[in-house]
Amino acid sequence: MNYLSAENISKSFGEQMLFEGITFGLARGEKTAIIARNGTGKTTLLRILAGMESTDSGAFTFRNDIKVAFLEQSPDLDQNLTIDELILSANTSVLTVIKHYEKVLQEHSKEQTQEAAGDLEAATTEMDRLHAWDYERRLRQLLDLFRITNTEQLVGKLSGGEKKRLAMALVLLDEPDFLILDEPTNHLDIDMIEWLEAYLSRSTLTLLMVTHDRFFLDRVCNRIFELSLGNLYQYQGNYEYFLEKRAAREDLRKVEAHRAGRLMKRELEWLRRMPKARTTKSKSRIDAFQEIKEKANLEEEGGELVLRVKSPRLGGKIVEIEEMTKHYGPLSIIENFSYKFAKGERVGIIGRNGTGKTTFLNLITGLEQPDTGKIITGETIVSGYYRQMGPKWKPEQRVIDAVKDIAEVVLMEDGRTISASRFLEYFMFSPESQYKRIEKLSGGELRRLHLLTILIKNPNFLILDEPTNDLDLFALNKLEEFLLAFKGCLIVVSHDRYFLNKLTDHLLVFEGDGKIKDHYGSYTDYRFQKEAKKKAESKSLVVEVKPKKAVSTSRTKRSYKEQQEYAGLEQEIEKLENEKSVLEENVNSGTLEYELLNSKSIRIAELIQEIDSLMERWMDLDHLS
């Protein structure tokens, strides 16, 4: 039996039909994501199912005995309450049962009648059913997990990320059977995203969500809904399966549109020759022509334009950081950090929220000054800095005018120019939407506008701070296409692991307390090494706690072959370490072209894995004498 059944649901917004007559069901344990362009109704559909908006027609039902919870993209929390007060006032089913139990218990202590005893027994059974006895312990565990420690502070003083984490903790605490999530990974750092990913993958709850996090989609979901042109397409599989099937559907649609186009030309010729006295037969043919025209003119998502903009040539010196330190009072943000950015380098920056990633970007762009150390910028640098907090726009200004104030045309790599309007089209602003007033734009549209006003300036040193928030998958693909063709130096702060893997080949990992770790390779490589290190440490701990008697009965001497291997390992490790040191010096020199820089970075990542493997074997042999 389905947990949710929806039949013939339709919803319009003004003259725009968001979706029409869509029907679907979700069973226990199904984990489904809705994929669509921004503005096509995916969040509206979630809000309808959460009871926050109504349909134009159609109906949906949840199974009677299940708990449904909804986490909005920007949770609406009472700003005037403390976190403790908010938790107590939360209208969750568990808290409702606890309050009812306390009330019944108090009544029973006053008047021990048979009726009061029956009420207490029923309330106790409900407490058992909802596992409500350890509510406070689970609450503290979740708050600690989501790094919410001071529960006496006002909700209004929390950052956007803290509010999202608090709302997430309250939703999960209620242990719903059916969970509706709108962009759950926004404002969460990678560690927290991966915890949530693992939690939802293991859970038996039914999930319906909107997210642009493709790793999250691929690892959590077993079903995909696509909203496109008012229709709902259903795919029984993960994100990779969806991409395969959608590509096949798009190819078929293009073939049909091409056929319809040829047929439309023939019909158009007939219409022009048609006599003035219209028969019933000719009228039906005119109606059929309109259908053919609609099919032939179906919007081709994404367009065919490939942008390769002309960026100023980079000199030998990009940005050099020498022994930079930054503190905020007693808090150490960056401690004695040195680095040289190289030509064509693509650096990803990761770390928990609050470890100094945005401060680092502000320092290298001159918006903040270091306490000690120097930042030297090359003379040929043209910086572009996309910040989480966008610019202050003129609300009444039209989109096209805001862009033309920066540049009327954009110079391409091959010497051609394209208009500001065409540049806007590439970033999915239709000719009609280009004349919208800025105050009428959605959050995703404002982010796209901010991004393209940075990119239209043709920077050669591009810095992006969380550029993927509020962008749908189609806009993300467009941005990635643009950045893959970008020839300058790129720095990206992001919690989007797919985006990092696709665009960066080197990571700066902010570990907290001013420590920054330099990692050559992709995010997947970094995660693999981190997990391998954890396993090695866990294995080493197990060895340490073994009883001494067990050790004494095992072999304690190296064989002749093992002794030869042991000596050879030391030499091999030293050789690889020397090669790694030389490569790191070359990479940090700032003189390498991108292709050479990339190949050397890949070799460094390979060396690190080889050294780790050899060290593990050396440690095994070192235990023997």
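Reply: Strands β1 and β2 form a hairpin with two residues between them, and Gly-14 in the turn has a positive phi of about 65 degrees. This is a predicted model, in which local features need pLDDT of at least 70 and side-chain atom pairs pLDDT 80 or more, while totals for chains, interfaces and linings use all residues. Residues are numbered from 1 along each chain as its sequence is written, and side-chain values use heavy atoms, without hydrogens or water.

Me: What makes β1 and β2 a pair of strands?

Reply: Strands are DSSP runs of E with at least two residues, helices are runs of H or I with at least four, and both are numbered from the N terminus. Two strands pair if DSSP finds at least two bridges between them. Eight bridges join β1 (residues 2-13) to β2 (residues 16-27), so the pair qualifies. The two strands run antiparallel, and Ala-6 has Phe-24 in β2 as its bridge partner.

Me: How many helices and strands does the protein have?

Reply: The protein has 20 helices and 20 strands.

Me: What makes β5 and β9 edge strands?

Reply: They belong to an open sheet of six strands in the order β5-β6-β7-β3-β8-β9, with mixed pairing. Strands β5 (68-71) and β9 (231-235) each pair on one side only. The twist averages 15 degrees from one strand to the next. Within this sheet, four bridges join β3 (residues 31-35) to β7 (residues 206-210), and these two run parallel. Lys-31 stands opposite Leu-207 in β7.

Me: Why is α6 called roughly parallel to α7?

Reply: Axes are lines fitted to C-alpha atoms, for helices over the stretch in contact, and angles run from 0 to 180 degrees between N-to-C directions. Angles under 35 degrees count as roughly parallel, over 145 as roughly antiparallel, 65 to 115 as roughly perpendicular and the rest as oblique. Helix α6 and helix α7 (residues 190-202) pack at about 15 degrees, with their axes 13 Å apart. That angle makes α6 roughly parallel to α7. The crossing is left-handed, a term for a near helix turned anticlockwise from the far one by less than a right angle, with right-handed used if the turn is clockwise.

Me: How do you know which residues of α6 and α7 meet?

Reply: Contact means heavy atoms within 4.5 Å. Arg-165, Met-168 and Leu-172 in α6 meet Met-192, Trp-195, Leu-196 and Tyr-199 in α7. By class, these are six nonpolar, no polar and one charged. Here Ala, Val, Leu, Ile, Met, Phe, Trp, Tyr, Cys and Pro count as nonpolar, Asp, Glu, Lys and Arg as charged, and the others, Gly among them, as polar.

Me: Which residues join α5 to α6?

Reply: Tyr-135, Arg-138, Leu-139, Leu-142 and Leu-143 in α5 meet Leu-166, Ala-169, Leu-172 and Leu-173 in α6. This contact has eight nonpolar, no polar and one charged residues. Helix α5 (residues 135-145) and helix α6 (residues 160-173) pack at about 145 degrees, with their axes 10 Å apart. Their crossing is right-handed.

Me: Why does Gly-39 count as exposed?

Reply: Buried means under 20% relative accessible area, exposed over 50%, and partly exposed in between (1.4 Å probe, protein chains only). Gly-39 has 54% relative accessibility and therefore counts as exposed. Gly-39 lies in the loop between β3 and α1 (42-49). Leaving out residues up to four places away in sequence, Gly-39 touches Gln-16 and Leu-18. Of the 625 residues of the protein, 47% count as buried.
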